[in-house]
Every structure is written in C-alpha cells, then in structure tokens.
Amino acid sequence: QVQLVESGGGLVQAGGSLRLSCVFSGRTFSNYCMGWFRQAPGKEREFVAAISWNGGVTHYADSVKGRFTISRDNAKNTVYLQMNVLQPEDTAVYYCAAVDTGSSIVVISTEVWEYEYWGQGTQVTVSA
C-alpha cells in the first residue's frame, strides 16, 4: 500500500517562501505521477501542480504559475513543492497525491478524482 507523508508547512509572511516535501513509500515511486493539491476552509480541494513519473512534464494551476515549482527526486522517493512569493490566498492545507501511470508513457493528472493515494496534509498559513 502506498503511503505519502508531507512536511514543510508552517506560518510565513506574505512574500515569503516555503518548501513542501512528500515522501512516498510502498510501491515503485518512478511509476507514479505526483501532484500537489490544496484545500482552504469552506472550499473544495483544488489542483496546484503535477509532475510526470520522470519529471519531464509539469503542469501548474494558473494561480501559482511562476511562483511555485514542483520537482521530484526518484532516488529519494520524494516530491517537492517550492513556493515563492506566497500570498494570503495561498493559505490552505496542502496535500500530496499519487497515481500509477506506469513508466512507458508520460502523462499528467490534474483532477482530484484521478489520484489514488493521498497524504494527510500539511498546513500552510500566509499572514498579510
């Protein structure tokens, strides 16, 4: 069974940066597309960023494009989300997610329903 453990959340002032990490275990990490999602109080969970199994393809929500960077280290079974120029509207619980896409083709998933496994979430709070 796949397990995902996020870390790196916290409280930061507007304009600051945070780096989230998500450690994957239980299966072959390099077979999985990885994504980051977030959920603010009273709102639905929304897509933030995703990366293909080999790191060759990435995709971002328009709201974070140019400020956030997703990356992965397949040797460490870890996916990262570097968040720069954080704004109060970025405040949310951030979730790491995984979906088995295999390693023969490069695909990206951006929808909540497409992902099979989820972490427990890490809180990011950005003060004005």
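**Salt bridges and the disulfide**

R38 is buried, with a relative accessible area of 5%; here buried stands for under 20% relative accessible area, exposed for over 50%, and partly exposed for anything in between (1.4 Å probe, protein chains only). The model is a predicted one, in which local features need pLDDT of at least 70 and side-chain atom pairs count only at pLDDT 80 or more, while totals for chains, interfaces and linings use all residues. Residues are numbered from 1 along each chain as its sequence is written, and side-chain values rest on heavy atoms, with hydrogens and water left out.

A search of the whole structure returned four salt bridges, a salt bridge being a side-chain nitrogen of Lys or Arg within 4 Å of a carboxyl oxygen of Asp or Glu. One of them pairs R38 with E46, whose closest N and O atoms are 2.6 Å apart. E46 has a relative accessible area of 36% and is therefore partly exposed. R38 also meets D90 in a salt bridge, with an N to O distance of 2.9 Å. Because R38 sits in strand β4 (residues 32-39) and D90 in the loop between β8 (78-83) and β9, this pair ties together parts that are 52 residues apart in sequence. Strands, like helices, are DSSP runs numbered from the N terminus (E, at least two residues, for strands; H or I, at least four, for helices). D90 has 0% relative accessibility, so D90 counts as buried. Together with R67, the residues R38, E46 and D90 are linked in a network of salt bridges.

Another salt bridge joins D62 and K65, with the closest N and O atoms 3.1 Å apart. D62 counts as exposed, at 66% relative accessibility, whereas K65, at 47%, counts as partly exposed.

Turning to the cysteines, the search of the whole structure gave one disulfide, defined as a pair of cysteine sulfur atoms within 2.5 Å. C22 and C96 are the partners, with an S to S distance of 2.1 Å. C22 belongs to strand β3 (residues 18-25) and C96 to strand β9 (residues 92-100), so the pair ties together parts that are 74 residues apart in sequence. The torsion about the S-S bond of C22 and C96 is about -75 degrees, which means that the disulfide is left-handed. Both of these cysteines, C22 and C96, are buried. C33, in contrast, takes part in no disulfide, and its nearest cysteine sulfur, that of C96, is 10 Å away. C33 is buried too, at 0% relative accessibility.
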